[in-house]
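Here is a short tour for a first look. Take a moment with the structure before reading on.

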Amino acid sequence: MDEINLNQLKPRLDELAGLGRTALLPAIHAVQELYGYAHPEALKEVGRVLNVPLADIYGVVNFYTLFYAEPVGKTIIHVCGDPACAMAGADSVLKMANQKVEQRILDGQLMETITVERSACLGLCEHAPAMLVQGAAVGQASQRIWEEMAEGRSRRPHSIVGGDISILTANCGHGHTTYLNEFKARGGYAGLRRAIKMDPADVIEMVKASGLVGRGGAAFPTGAKWEGAAKAAADQKYVVVNADEAEPGTFKDRVMMEDDPHRILEGLIIAAYAIGASKGYWYIRGEYAYSFQVVGKAIKEAKAAGILGEDILGTGFNFDVEVRRGAGAYICGEETALFESIEGKRGFPRVKPPFPTTSGLFGMPTVINNVETLANIPFILEHGAKTYRYYGTEKSPGPKLFCVSGDVVRPGLYEVPFGVSMRHLIFGLAGGMREGRTFKAALVGGAAGAFTNQEHLDTRLSFEDLRSVGLPLGSGVITVFDDTRIMKEILLRLTHFFAEESCGKCYPCQMGTQRQYEIMQRIAEGKPLPDDINRLTQVGWTMTDASLCGLGQTAASAILSAIKIWPELFVAERA
Amino acid sequence: MADQITLTIDGQTIQVPAGTTIHKAALQAGIQIPTICYHDFCTANALCRICVVEVEGSRTLVASCVAKVSNGMKILTQTERVLQARKTILEMLAASVDLSEADDIQGLIEEYGASSTRFPDAERREMLVIDDNPMYIRDYSKCILCWRCVQVCAEDAQYTFAINFSGRGYETQISTFFDLPLPETTCVFCGQCVGVCPTGALKPKREFMLELGYTPDEIMSLTRGERRRRMRR
């Protein structure tokens with residue numbers, strides 16, 4: 001084992017020392033920044049300072065894909081391997097990157113300097129094929145020269161934003177981040193100013209009246225969630241921003257954080273005021289290094305301006321927020337797994353009940369909301385529930401962001417009122433299929449979603465309409481496939497994703513995602529066993545019905561929907 | 001006096017104290033719901049999902065070892081959904097690990113008509129036996145990841161924290177810090193983990209050697225060196 005100088009680590013750990021185990025992920029991030037990987041000697045120091053058992057620390061390092069227990073290259077390149085990027089040529093990019101690294105080794109150049117890895121969806125689907133070079137996003141990687149990418153000289157791709165309305169995205173897609181001065185000049189923090197003069201109970205009433213439901217996928221009524229936490233008796237309550245966006249095909253939260261962080265912060269402060277929380281956490285997936293930076297800066301600005309911290313806007317209300325980085329784990333988007341991660345543990349989802357509103361982060365009443373959900377709050381508070389309900393349908397009020405990617409002319413983030421048709425979104429806003437191609441299918445709701453063919457193109461995009469045809473709205477993902485796509489290949493990638501991302505806690509998902517991947521491998525190779533379609537179905541239903549959390553319960557959703565639409569794909573072709 | 005809850009299990013109406021789990025309530029009605037990971041002296045984590053039952057009004061099946069009863073609850077413990085889930089879980093387990101010494105699970109496999117060969121060509125979790133101390137061996141190809149050993153090593157009993165997990169998903173394993181041999185960890189060889197292991201993955205070294213065919217005398221002489229080294233420390 002190589003010797004390391006722990007003196008560099010000590011000042012970093014001193015800052016975290018009083019926090020205990022909750023500082024474990026930040027401490028491991030610090031260790032990696034200093035020593036290149038999770039060096040065991042450095043981890044021992046972390047354990048001593050934070051008072052965490054070493055076996056537990058190793059367990060945490062092993063859980064998150066961005067933590068490395070072995071030495072890795074100075075530069076780490078992540079190439080996305082999920083559907084939208086794969087269809088745009090990510091496999092060739094990965095192969096090319098690997099060849100370049102091999103060539104460098106043959107040429108005798110510093111052999112350990114670059115590590116190339118295939119990664120789960122990076123949330124850059126509109127820029128496919130995408131990769132991260134040392135955390136920095138690179139888009140359209142297949143059209144760039146290696147030297148440009150490997151040295152991190154390519155520019156961060158700009159967000160692509162469009163749609164029929166721009167309530168949530170008013171400050172997005174302009175090619176720069178809307179920081180505090182611009183945000184205020186465009187009317188920002190008016191919602192907070194109004195909320196903070198109201199009784200917290202009235203704020204909750206207004207959110208309830210708006211009909212807003214969570215935008216992370218579960219669609220739980222936001223007002224009811226806030227009310228639950230507000231009524232829970234406790235000295236300490238928390239609000240948490242769930243920015244662990246990792247559903248393949250989803251990138252809306254990244255765009256919002258990078259382009260308009262204050263809108264989300266405003267929603268968060270209002271939430272904290274409504275339930276009486278004095279502390280918040282903003283948990284951003286580890287792959288979103290730039291979002292982490294932007295949000296950190298926005299929070300500093302807000303503190304300096306008296307919008308955050310002590311005595312907010314002179315009202316005596318105190319609230320502070322801490323930004324946390326994930327470290328590569330899809331499961332941490334599950335709310336209780338996210339709490340575990342903030343608490344410095346492996347991201348295992350908890351048994352529910354108890355629900356977060358009574359026993360959440362550190363066992364205290366907690367409201368956890370998705371980025372997009374919170375971004376709706378300022379508008380509701382500023383303009384009122386009635387104006388908000390002017391948009392959307394009766395049962396699905398308000399604006400909605402859709403992430404459209406895959407085989408369309410203009411992949412991007414589109415804001416529409418609930419109720420427009422899928423056809424409008426795909427063919428109108430996103431420009432339809434490329435020349436000479438026809439529409440084959442769309443995956444609605446991401447890897448955890450379901451496939452549909454042209455049959456439902458005219459279905460309205462609302463919770464109630466989609467539910468009536470058995471499609472989940474999920475977090476608002478639509479990945480489009482044209483007639484040239486081999487669906488078996490796409491399905492194989494989805495099963496690979498879940499096998500990689502299952503946390504391993506409950507049996508149905510731990511083993512089911514693996515079995516599902518194995519069976520799908522046989523099918524993709526054209527060599528299914530006679531009963532494989534039934535095996536897939538049984539594994540799928542068992543995961544759906546018996547898994548502990550939402551990940552396992554939806555890990556077979558796309559496959560089960562594909563079996564319905566294309567049963568012929570899952571049986572041996574006749575010779 | 002604790003509040004009494006009235007509920008129905010498989011058509012029987014019973015009364016149990018508030019806070020009782022469905023599993024315990026069922027026992028009171030004479031219904032034995034199967035369990036694998038559950039242990040009376042460990043925190044229940046509801047992870048094996050063998051104990052799932054159907055609760056009226058619930059979208060998914062419910063783990064009876066942790067779910068508490070409530071008034072008017074209607075529970076079914078033997079429906080087709082329940083039986084299918086239990087059977088598939090057992091079949092996947094049999095395709096993953098060596099259950100040759102897990103008599104209880106073998107019994108469940110028989111009871112639920114599960115086939116041990118339902119998943120041909122499945123990747124099994126096969127590992128070499130770890131024999132790194134004089135007290136017990138670790139044969140993780142028999143490990144079903146019930147978590148009991150990790151829990152008794154931590155807050156459920158010993159507060160030693162010698163073992164935790166490595167890997168994730170299907171690759172999850174029980175592990176020490178950087179896979180160090182147990183004598184180099186905080187392990188105090190209390191034996192609690194061996195005591196709660198349901199599958200023979202953790203086993204006293206002496207038992208392991210007896211099974212391999214060594215006589216007690218041979219075992220004494222073979223392990224003398226290890227015992228002496230420990231005494232000198």
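## Helix α19 of chain A

This is a predicted model. Start with the packing of α19(A). Its buried residues pack against four partners in chain A: α5 (83-87), β14 (477-482), α20 (507-524) and α23 (557-565).

Those buried residues are A:Ile490, A:Leu491, A:Arg493, A:Leu494, A:Thr495, A:His496, A:Phe497, A:Phe498, A:Ala499 and A:Glu501. The list includes A:Arg493 and A:Glu501, which count as charged.

The length of α19(A) fits a simple rule. The helix covers residues 487-501, 15 residues in total. At 1.5 Å a residue it should span 21 Å, and its end C-alpha atoms are 21 Å apart, so the two values agree.

## Helix α14 of chain A

Helix α14(A) runs over residues 289-304 and has 16 residues. From first C-alpha to last, α14(A) reaches 23 Å. That is close to the 22 Å expected at 1.5 Å a residue.

Which residues of α14(A) are buried? They are A:Ser291, A:Phe292, A:Val294, A:Val295, A:Ala298, A:Ile299 and A:Ala302. They cover an arc of only 170° around the axis, and therefore lie on the same side of α14(A). On the other side, A:Lys300 and A:Ala304 are exposed.

The cover over the buried residues of α14(A) comes from several elements of chain A. Among them are the helices α8 (180-185), α12 (252-259) and α13 (261-275). The strands β6 (238-243), β7 (279-284) and β8 (320-325) are also included. After α14(A) comes A:Gly306, with a positive phi near 75°.

## The nonpolar core

The largest nonpolar core holds 260 residues. Within this core, A:Ala271, A:Leu425 and B:Leu93 touch the most other members. The element that gives the most to this core is α13(A), with 10 residues.

What does A:Ala271 contact beyond its neighbours within four places in sequence? Its contacts there are A:Trp226, A:Val239, A:Val367, A:Asn369, A:Leu374 and A:Ile377.

## Where chain B meets chain A

Between the two chains, 38 residues of chain B are in contact with 38 residues of chain A. On the chain B side, α2 (80-94) and β7 (164-166) are the elements that give two or more residues. Helix α2(B) gives the most, with 7 residues.

By class, the side of chain B that touches chain A has 21 nonpolar, 12 polar and 5 charged residues.

Notes:
Residues numbered from 1 in each chain as written. Chains lettered and ligands numbered in written order. Predicted model: local features only at pLDDT ≥ 70, side-chain atom pairs only at ≥ 80, totals over all residues. Expected span 1.5 Å × (residues − 1). Buried ≥ 20, exposed ≤ 12 C-beta atoms within 10 Å, placed from the backbone. Contact = placed C-beta atoms within 7 Å. Arc of directions from axis to C-beta. Core = buried A, V, L, I, M, F, W, Y, C linked by C-beta atoms within 7 Å.
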